[in-house]
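Have the structure open while you go through them.

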Amino acid sequence: MNPSLTQNETEIKPPPVSTTESNQSEKSAEQNSISTVSHDTAASDFEKTESLKLVNAEEQFDPVPLEPIQAAAVNEQSALGSGMTLQELESIALANNPAIQELAASTQKAAGYRTQVTTRPNPMVGYQGQQLADRGTDQHMAFIEREFVTANKLELNNRVLNATLSAQLQELEAQRFRVRTDIQIRFYQVLAMQKQLDLISEFLQVAEKGADFAQQRLEAGEGTRVDVLQSKILYSEVKLTQRQTKAKLAAVWREIAAISGIPEMEYTTLQGTLPSDTGTRNWDELATSMVASSPEYSAAHDRISRAYAALERQEVQAIPNITAQLGAGMDYGTNSGMVNLQVGVPIPVSNKNYGNIDAAQAEICRAQMEVQRIKNDIEARLAVVSKEFDTATAAIDVYSNDILPSALESMDLANQAYKAGEVGFVQILIARKTYFDTNLQFVNAQSQLAAAQAKIDGFMLTGGLNSVRDDSGDTSLRDQTFSQQ
C-alpha cells in the first residue's frame, strides 16, 4: 500500500454556519433558549413511538371526575418538525474539531518526512591549491565530490516512512469516527431531553390544574387537605424534573459545542428521531467484522509493516556508501594539466549496527503485541456496548408492549373507579404520574439504544477531544544513511 497525501485530503472546510445562523434567526429568543425549550411534533412512518401525547393542554379541571390522559398508540413515531439535523452537526464538528486538525497536520508532517528521507545527497564542488608559496610550481585544481548510496538504502527509507504515513492516515480516520460517535451520542441525548421537556411541559399543565382543582374541591367541602398537599407535591416534583432536565440539556449542548470546535455555538433545536429498532445482534460475528474493519486496528497493522521495513533497513546500514572525488587542474611546475580521482569507503569494523538491528527486531514483537492488545480492547469495548444495547432493547420492548399499555389501562380503571366513588382524587393523580414517569423512562431507553448503536457504528471509538497520537516519524533514517555509522 502506497498512500499519498494531497492538500485536498487534509483541507479543513469552514463550518456551514450560514445554515445554522439562518435557522436561529427564524426562531424567537424563547425558542432558542434552553431554559424555555418547546417543540412542535409531527407524525412519521416509524413503527415505535418516541414520545407520547400525555394530555390535551386545554383540558380544564372542574368538580367532575377527571378524564384519563389521552395517549397515542405505542406504534406511532413522532419527530421534530424543524431544526439542525445530525448530518449538519457532524459536518460542523468534522470541519472544526481541533483534534482532527491536529492529526491532519501530523499526517502532513509524515508526508514531508517521507519525501525528505528519499532525497539524494547534494554534490560538493570546490577548489584546491597546492604549493602556492612556491611561485612557478603551484598547482590549481577544481573538483567535484559525490557520495553514492549503496544497498538501496533510500528506497528502504521510503518503505519505512510510507508505512508510517499509512498508519497516520488510519489514525486520522479513527479520529473522525471518534468525533462522529461523540456527536451522535450527544445528539440523541439532546433529542431525548427535548422530547422529555415536551412531555414535562404538557404534564406540568395537568399537575397545575390538578392542584387548582384539589383546592376547589376543598373549598366546596368535597375534598381534603391531603388531596391539596398531594397535588402540590406532584406539581413541585414535575417542576423539579423540568429544571433538572433543562440543566442537563444545557450541559450536553456545551459538550457538543466543545467537540464541534465552536464553544460559542448557540443552542438550537435538533431535528431527528430516536431509534426503536430492537432487533437482535450476533455479537461474535459483529466483533470479527468490526476488528477487521476498524481504522484503529488497521493503523496497528501498518505499524507492524513499518517495523519489518525498519528491520530490513537496519540490516543494510553497515554496507558502506562510496564517496568519489574527481578533480582537474593545472600544474605550473610542469606546465601541464592534471586529473585526480579519489574513492573512499568506511570500513565496518567497530560498528556493524547490531544494536539497531536488535532494537528493530524487538519493535516487531512490540508492534505485534500492540495489534493483539487493540483487538482484545475492541472486543472488550464491544462487550460493554452489547450490554448497553441489549438492556436498552429489553426496556423498549417491555415499555412498548407491557408497561405503557398497562399504565394507560390503569388510568382508565382509576377514572372509572373515581366516577363510581371507589377511589379518591389522589389515586387519579398517582395514576397520571405513573403514566408520565413511564413515558420519560421509555424515552431514556431510546436514548440509551441510540448511544449504543452510535458506538457500534463508530467501532467503539469515542473521545473526540482526547490527546491524539503523533507518530509521524522523523528524518533520522536519512541522517543515518549518510553518517556511515
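**Notes on the model**

1. Start with the surface: the protein exposes about 23900 Å², and 51% of that comes from carbon and sulfur atoms. Keep in mind that this is a predicted model.

2. Now the overall build. You'll find 11 helices and 6 strands here. The protein has 485 residues, and 46% of them count as buried. If you take contacts between residues at least 6 apart in sequence, 86% join residues at least 24 apart.

3. Next, have a look at helix α7, which covers residues 283-293. Its buried residues include W283, A287, M290 and V291. Those four sit on the same side of α7, because they cover an arc of only 100° around the axis.

4. What covers the buried residues of α7? Among the elements doing so are α8 (295-315), α9 (354-419) and α10 (425-457).

5. Finally, check the loop between α6 (225-259) and α7, where M265 is found. Is M265 buried or exposed? Its relative accessible area is 10%, and buried means under 20%, so M265 is buried. Leaving aside neighbours within four places in sequence, M265 is in contact with L89, I92, W253, I256, A257 and S260. Take W253 from that list: W253 and M265 are 12 residues apart along the chain, and their C-alpha atoms are separated by 9.0 Å.

Conventions:
Residues are numbered from 1 along each chain as its sequence is written. This is a predicted model: local features need pLDDT of at least 70, side-chain atom pairs count only at pLDDT 80 or more; totals for chains, interfaces and linings use all residues. Side-chain values use heavy atoms; hydrogens and water are left out. Buried means under 20% relative accessible area, exposed over 50%, partly exposed in between (1.4 Å probe, protein chains only). Helices (H or I, at least four residues) and strands (E, at least two) are DSSP runs, numbered from the N terminus. The arc is that of the directions from the helix axis to the C-beta atoms. Contact means heavy atoms within 4.5 Å. Accessible areas come from the Shrake-Rupley method with a 1.4 Å probe; for residues, only the protein chains shown count as cover.
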